[in-house]
Amino acid sequence: MVCTRSKERDRRCKLKVTSTEKKTLIAQQRGDSGAAAVLGMSCRERYLDRDARRHHRRLQRRDDLEDGHTHDNMKPPSTALLRAFSPLWRTNAIPFTARGCLAQQQSSFSTTEQRMARDKGKPKTDMRITLIRYHLKHPLTPRPLRFSRNRALRHWTIHRAWRLYQSKLRLSRQLELERQYNSMASACEALRLIDSHGLTAEDRSKLGEPEVSEGGKDVGRLYRIAMRKDQIWDGVPIEYARIQTESPPRDGWNHSWTR
Amino acid sequence: MIAPKRLSRSLQSVTQCTNHERQSFLQFTRRTLSSTVHINASVESASTPSSQPPPPPPPASTDRLEDASSLNPENVFTRREERKLVRTQKINPVSSRRRRAALQSTDSVPFEQLPYQCFQEARKILIADRAEKIKQIEVQRERIARVKDNENMNETAKKQKLDSMNRHLAELKIWADINDPIVKKTFEDGKGDLNKPIYRFLADRKWRSYARKLLVQRITQMNVIPDILPHITDFPTASVDLSFGRHDVQPGAFVLSEISEKYCKLNVQVYDKGERMVTIVVVNPDLPNVEKDGFDYRCHFLAANVPVNPTSGSIPFSFLRSLGSESGKDSQVETPQIILPYLPSYAQKGAPYQRMAVFVLQQPDGVTLDVAGIATRAKRENFILRSFIDRHKLKPIGVNMWRTKWDDSTAGVMERAGIEGSDVEFKRKKIEPLPYKKLDGERYR
């Protein structure tokens, strides 16, 4: 009976211990180990969370009442992380210039009021700040470039020249497309005014031919044939065609589409 | 194995600074090197004097033993020489040590000729672009001249066309110089000539990027706009820096009475070309009026016909000409400028803080205000700036403000200025609360 209960206790405490590993990290961030020392907790108790601590104390009290020796069925928390974080085992001599680097997060990131009633007095670390510092300080992150005055000016000059060149290129492409479009449009317009003999109304009057109204089936026949859009995509209008692109569409995903 | 070690690095060990460790190590090593040098020197000097006659003095051309007066603050780059320079000549070396050391070994090449290929190619593109813009400027100038000479055009249409053409010409002038790195450098060093349009443009852009935003925020938060002047689009257009003697005042800051008593100075920076006359007004909109249970306006300073141009905008109030100070010269009678002399700002005890707003108003082209005439009519009490502007057709271009409240020096300031009431204290009137009628709980749960 006692064995199974202790095994159950073991299991529960083990589970609790793994979650406290994370909390140990946060506690270290918060500098809670000092607070724990002030509260007079034992080394073992410090690395347990509230429920496990209560349980541990209850066990100790029961043991003291019964036998006088401490109950050792519970496994102590794993010291893997302790080795990494305990100041006793790894002292880093930080130069005074690096004081600010180890400063703990105290003030909250946003200016709205924090609800502190639940976790009393514990400054909550902001995971966003932690993540930013992690990625900035990671050894595989390239360090930020710092340019001297002349170097920065050269960089700026090259940047301005490149941007100017790119905009000129874009403008010339746009103008070329416009020129092509206008040329096509004027060609179509000329075609619209031509009859089956290749004469415009002006030419006809010059040559003395009889006048033909513009609406007649002769004038602009080829233009109308050119403007026909059937059998291009075999029933599917060309506007529905969209080439596969890497970037998403401008209109996004239509969530309210129905058949 | 380096790779597995890095992968297993935990969060906290990564966020520790490695740069500082590296730097401190280097400093440590440097310290030991220099300390060994000193030790050797002292050992040598200790050994020589007793045994032999002193060695002949070393030749003057050695690097180490330079004459202290020959040390150049722009050239020293060893710590020993720097310390020597500071000790003997009492001046600090000029810029960073790295730069000073680098300058010894490099030739001084002018910036445009620096031998970096990409940079030179970029310069070629920008030079070609500048040449194009200059051509466009000439073409535009010819066009403007042609439109001006055109007599068959409607007058209003002509004016409109000329306005837009001139605006385009100004734009072209900016576009020609905006890509020049030398212009950028000169401006950043504060050496730009504000008579040139490009430097005015850059200065205006810099002002608008932060200082103007701050000023507008303060002006609107403190309700200077719309209490004194209504909201006007594109106001302010000129930057006004306020200072009292040595003390520079941030917009909206509290200023002690004894500081704001004397040496008030404005630095007005206009960003469009040309000289113009401005009027300066200092208004206090928070004068408590007990009878009407409200506040009145009061004018603390009024001056007109102050010339301002882009290169000169410093206006100390004491340098302005007051009435009755006309010089007796026959050739030139200098027009007086001050209509109402400066009254120091003060707030009596118990009164809330009072805002003091400085307005800079541009007079119409070529118009000089009749200072003597205005002085006969102008009053400090109930001075309404809106009416003043409408009467003289002024255009507000600049603004700044500070705040006063009762402090230990206010009584002294008031006495020196001959103002009564330094012993008056304002107290809040006790208001009888309305009888509380308890409403039925049904509706107001």
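Student: Among contacts in chain B between residues at least 6 apart in sequence, what percentage join residues at least 24 apart?
Tutor: A contact means heavy atoms within 4.5 Å. This is a predicted model, where local features need pLDDT of at least 70, side-chain atom pairs count only at pLDDT 80 or more, and totals for chains, interfaces and linings use all residues. Residues are numbered from 1 along each chain as its sequence is written. Of the contacts in chain B between residues at least 6 apart, the share joining residues at least 24 apart is 69%.

Student: How many helices and strands are there in chain B?
Tutor: Helices (H or I, at least four residues) and strands (E, at least two) are DSSP runs, numbered from the N terminus. For chain B, the tally is 13 helices and nine strands.

Student: How do α7(B) and α9(B) lie to each other, roughly parallel or roughly perpendicular?
Tutor: Helix α7 (residues 155–177) and helix α9 (residues 197–221) of chain B pack at about 85°, with axes 9 Å apart. Axes are lines fitted to C-alpha atoms, for helices over the stretch in contact, and angles run from 0 to 180 degrees between N-to-C directions. Under 35 degrees counts as roughly parallel, over 145 as roughly antiparallel, 65 to 115 as roughly perpendicular and the rest as oblique. So α7(B) and α9(B) are roughly perpendicular.

Student: Which residues of α9(B) meet α7(B)?
Tutor: From α7(B) come K173(B), I174(B) and D177(B). Their partners in α9(B) are P197(B), I198(B) and F201(B).

Student: What is the orientation of α8(B) to α9(B)?
Tutor: Helix α8 (residues 181–188) of chain B comes within 11 Å of α9(B), axis to axis. The two axes cross at roughly 55°. The pair is therefore oblique.

Student: Is V290(B) buried or exposed?
Tutor: V290(B) sits in the loop between β4 (276–289) and β5 (294–308) of chain B. Buried means under 20% relative accessible area, exposed over 50%, partly exposed in between (1.4 Å probe, protein chains only). At 57% relative accessibility, V290(B) is exposed.

Student: What distance separates the C-alpha atoms of V290(B) and F426(B)?
Tutor: Along the chain, these residues are 136 apart. Between their C-alpha atoms, the separation is 9.1 Å.

Student: Which class does C299(B) fall in, buried or exposed?
Tutor: C118(B), at 49% relative accessibility, counts as partly exposed. C299(B) has 0% relative accessibility, so C299(B) is buried.

Student: How many disulfides are there over all chains?
Tutor: A disulfide is a pair of cysteine sulfur atoms within 2.5 Å. Over all chains, the count is zero.

Terms used: Chains lettered and ligands numbered in written order. Heavy atoms only, no water.
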